[in-house]
Number of protein chains: 2
Amino acid sequence: MDTTALDASYFDEQLYVKHVAVDNVIFGYHDRELKVLLQRPNYQQKWTVAGGYVRKTESVEEAAHNIAFLRTGLKDLFLEQFRSFGNPSRTKEDWLAIKKSFENAGVQPPPDSWILDYSVSIAFYTLTEFSLVSVQKGPFDEALEWWPVAQLPPMMFDHALIIEEALKALRRDIYHYPIGYELLPRKFTLPEIHSLYETILGKTLDNRNFTRKLMSSGIIKKLDEIRSIGAHRSPYLYKFEKKKYDAALKNGIFLGF
Amino acid sequence: MDTTALDASYFDEQLYVKHVAVDNVIFGYHDRELKVLLQRPNYQQKWTVAGGYVRKTESVEEAAHNIAFLRTGLKDLFLEQFRSFGNPSRTKEDWLAIKKSFENAGVQPPPDSWILDYSVSIAFYTLTEFSLVSVQKGPFDEALEWWPVAQLPPMMFDHALIIEEALKALRRDIYHYPIGYELLPRKFTLPEIHSLYETILGKTLDNRNFTRKLMSSGIIKKLDEIRSIGAHRSPYLYKFEKKKYDAALKNGIFLGF
DNA sequence: TTAATAGTGTCTCTAAGACATTATTCC
DNA sequence: GGAATAATGTCTTAGAGACACTATTAA
């Protein structure tokens, strides 16, 4: 939230639902690291999660999808609402900096704009395959970058907390949904998905037990292809079984790693 | 939400965060039934969940606690935020009825009041011990009653959905938190807690396995007392082990029933 | 003694977890 | 053949789930 506030159209008080923001923690996976897509508004030192507001004609879920689309160019990403944040002080401290940013951008917010007031943020997280994303910063962002969740830059507002909670929700959900589908390329190797789970859960998983459980769930399938890279044994490629995957999404599964 | 809107002070646009409502699904347990505390506004046929708005000086969690306190007279109840609801049509259909209720109550809302506009509802559920509650209806409620979740009356807005989702969240959380503590009297019998879990989960649980697992978790403790009722063997009383219970709340446990 | 409900023990089977060796590829 | 990484099988153990009888009370 709060960031895309810099888009001038947000001052249109008829278009948006006042006092309600949507923040979307966009996760990506690359180089054996879990990353978050963050933006830094013009003239700001601190970063924010991808955010925006809710049009009066759309649902909060649609707003969250729009935010993801704006920054990644991708539609229909996996998206989960995990919590809302609302208290009088969560944004106060950083308002002045934000206001300055408005002015630096040549936009003069009305002094009593609702954007500067108490606002509740409905937080989502989104999963996306890293290589598909070509990040697109907004007109008022100085930067839009992937950051490793393990080493975040200084964050505005309560956004460090929001990311922390998103990560908790992701770690909870990984046991119930086949998360890998969203974070890996269509074809992937066992070591890749193994490393993904280790990264997200932040612990090592025995490779034999991991493979056994994953295969017995039936959601991935071995292909008759090999990826040749390097001076060592080449790994087989795997893909998700769409049917099993959809069923798992819908009904939940239990993957007790 | 939406209901306590009938309180005239909600028209004070300075006091409350506009467009943000809090709905609180208050669960109680009695007579081997899981119940929800519902209110019916004056002159309305349909019922609503306990709800209200957020003061600009408080957090959404505080608002939810206040709502629970207003209706039950109890503080510090177990309270979980489980989802937010926001789309353009969720309340539309029932606005006219609500407006009528405003007027019947002798209160004339300004025609463009934010209360009638798009509003997002942040939904919580609360657990409370049935016998402790003396329900207190608000000035604009015609009724405030416990209803069995299995047989709900006609509900306003999307409140049937909200209750359904609250129940899903409760069923999810029952595996991770020692829910019984909030819904049972301080001293209770094994058949009582057994029946509580069966009711919430909507399935029968083998009494021997249930007892074994519950006791091995250590969160309840057998007392040296018996409750004498009826022409049959009298059950022992149990109580929760506060320390183990607090640890379970904080760190989560796994009760795989 | 009977009717009603409370309380408890054992067996089986599945699956989680611990653990180490062999296989492939390229240099 | 050596270095690097991929792949795979077995044993042990804990716990989930199925199952039925005995104990207590009061009428």
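## The surface near DNA strand C

In this predicted model, DNA strand C is surrounded by 22 residues, of which the closest are R208(A), H232(A), R233(A), H232(B) and Y236(B). Of the atoms of DNA strand C that come within 4 Å of the protein, 42% belong to sugar and phosphate.

Individual polar contacts reach both the bases and the phosphates. From chain B, a polar backbone atom of Y236(B) is 2.8 Å from a phosphate oxygen of DNA strand C. The elements that give two or more residues to this surface are α6 (207–217) of chain A, and α5 (190–201) and α6 (207–217) of chain B, with α6(A) providing the largest share, four residues.

## The interface of chain B and chain A

The two protein chains also touch each other, with 22 residues from chain B and 22 residues from chain A taking part. Together they bury about 1700 Å², 60% of it on carbon and sulfur atoms; on the side of chain B, H19(B), K56(B) and Y118(B) lose the most area, together 25% of what that side buries.

Across this interface there are four salt bridges, and the side chains of R83(B) and E61(A) meet in a salt bridge at 3.8 Å, N to O. Nine residue pairs are in polar contact across the interface. On the side of chain B that touches chain A, β1(B) gives the largest share, four residues, and the residues of that side divide into eight nonpolar, seven polar and seven charged.

Terms used
Residues are numbered from 1 along each chain as its sequence is written. Chains are lettered from A and ligands numbered from 1 in the order in which they are written. This is a predicted model: local features need pLDDT of at least 70, side-chain atom pairs count only at pLDDT 80 or more; totals for chains, interfaces and linings use all residues. Side-chain values use heavy atoms; hydrogens and water are left out. Contact means heavy atoms within 4.5 Å. Buried area is the accessible area (1.4 Å probe) that two parts lose on being put together, summed over both. A polar contact is a pair of N or O atoms within 3.5 Å; within protein, one must be able to donate a hydrogen and the other to accept it, and residues adjacent in sequence count only if both atoms are side-chain atoms. Ala, Val, Leu, Ile, Met, Phe, Trp, Tyr, Cys and Pro count as nonpolar, Asp, Glu, Lys and Arg as charged, and the others, Gly among them, as polar. A residue is near a molecule or strand if one of its heavy atoms lies within 4 Å of it.
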